[in-house]
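I opened a new notebook page for this structure. These are my entries, in the order I looked things up.

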Amino acid sequence: MFSVTCKSREETARVATALAPFLHAGDAMLLKGPLASGKTAFVQELVAALGSKAEVTSPTFTLAQFYPLPTGTFLHIDAYRLSSVAEFRDLALEDFVPESITAIEWGDIIEEDFPNALTINFEFVPDQDNWRKLTFSAAAERWQPVLLNLHV
Ligand SMILES: Nc1ncnc2c1ncn2[C@@H]1O[C@H](COP(=O)(O)OP(=O)(O)O)[C@@H](O)[C@H]1O
Ligand SMILES: [Mg+2]
């Protein structure tokens, strides 16, 4: 587990940029936290750090969005409007996960399908409009060196 308080969006961008080189196809991230806590902002910075010039928007209504990267594909999922894991499985998005770097917002309902995910929890900091506390955690062995190396 690793926590960092980002006192501006630029600091959040720096964390995303630090994470980017560790990511490869098959990796999934569960982004948790309340509305406007910075989940989509983090994906925007991450996709940019991975070398894409695409304009990343919240996939709340499209459910999922693919962004081509120089080295593969980024899959951005917003599970907010999904009512069950069965509904998610029907979309067959999981077919693309092994070949993509995947980030999932509002993923609590589908978490069971991503046991190897890196979880990033976003929190507001009281009385500090532009501060966000990011906490990284993962059960899977795959992420332990990343958590150790994520110096910002
Ligand atoms: N430290 C920070 N880190 C990330 N975003 C921040 C920060 N401070 C302010 N913001 C702003 O907060 C908003 C977060 O919105 P968004 O990323 O859409 O949230 P979510 O996807 O969690 O609902 C953005 O407008 C972003 O610019
Ligand atoms: Mg969002």
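This is a predicted model: local features need pLDDT of at least 70, side-chain atom pairs count only at pLDDT 80 or more; totals for chains, interfaces and linings use all residues.

Entry one. Is Glu 55 buried or exposed? I counted 9 other C-beta atoms within 10 Å of its own, and 12 or fewer counts as exposed, so Glu 55 is exposed.

Entry two. I then looked up where Glu 55 sits. It lies in the loop between α2 and β3 (64-69). I also checked Glu 55 against Leu 91, which is 36 residues apart from it along the chain. Their C-alpha atoms are separated by 24 Å.

I turned to ligand 1. How many residues surround ligand 1? I found 19, and the closest are Thr 12, Gly 38, Lys 39, Thr 40 and Ala 41. Two or more residues of the shell come from each of α1 (9-19), α2 (39-49) and β7 (128-137). I sorted the shell by class and got six nonpolar, eight polar and five charged residues.

Next I looked at how α1 and α2 pack. Their axes are 8 Å apart, at an angle of about 50°. An angle of that kind makes α1 oblique to α2. The crossing of the two helices is right-handed.

By class, the contact of α1 with α2 has seven nonpolar, two polar and two charged residues.

Definitions and conventions. Residues are numbered from 1 along each chain as its sequence is written. Chains are lettered from A and ligands numbered from 1 in the order in which they are written. A residue is near a molecule or strand if its C-beta atom, placed from the backbone, lies within 6 Å of it. Helices (H or I, at least four residues) and strands (E, at least two) are DSSP runs, numbered from the N terminus. Ala, Val, Leu, Ile, Met, Phe, Trp, Tyr, Cys and Pro count as nonpolar, Asp, Glu, Lys and Arg as charged, and the others, Gly among them, as polar. Axes are lines fitted to C-alpha atoms, for helices over the stretch in contact, and angles run from 0 to 180 degrees between N-to-C directions. Angles under 35 degrees count as roughly parallel, over 145 as roughly antiparallel, 65 to 115 as roughly perpendicular and the rest as oblique. A crossing is left-handed if the near helix is turned anticlockwise from the far one by less than a right angle, and right-handed if clockwise. A residue is buried if 20 or more other C-beta atoms lie within 10 Å of its own, exposed if 12 or fewer, and partly exposed in between; C-beta atoms are placed from the backbone.
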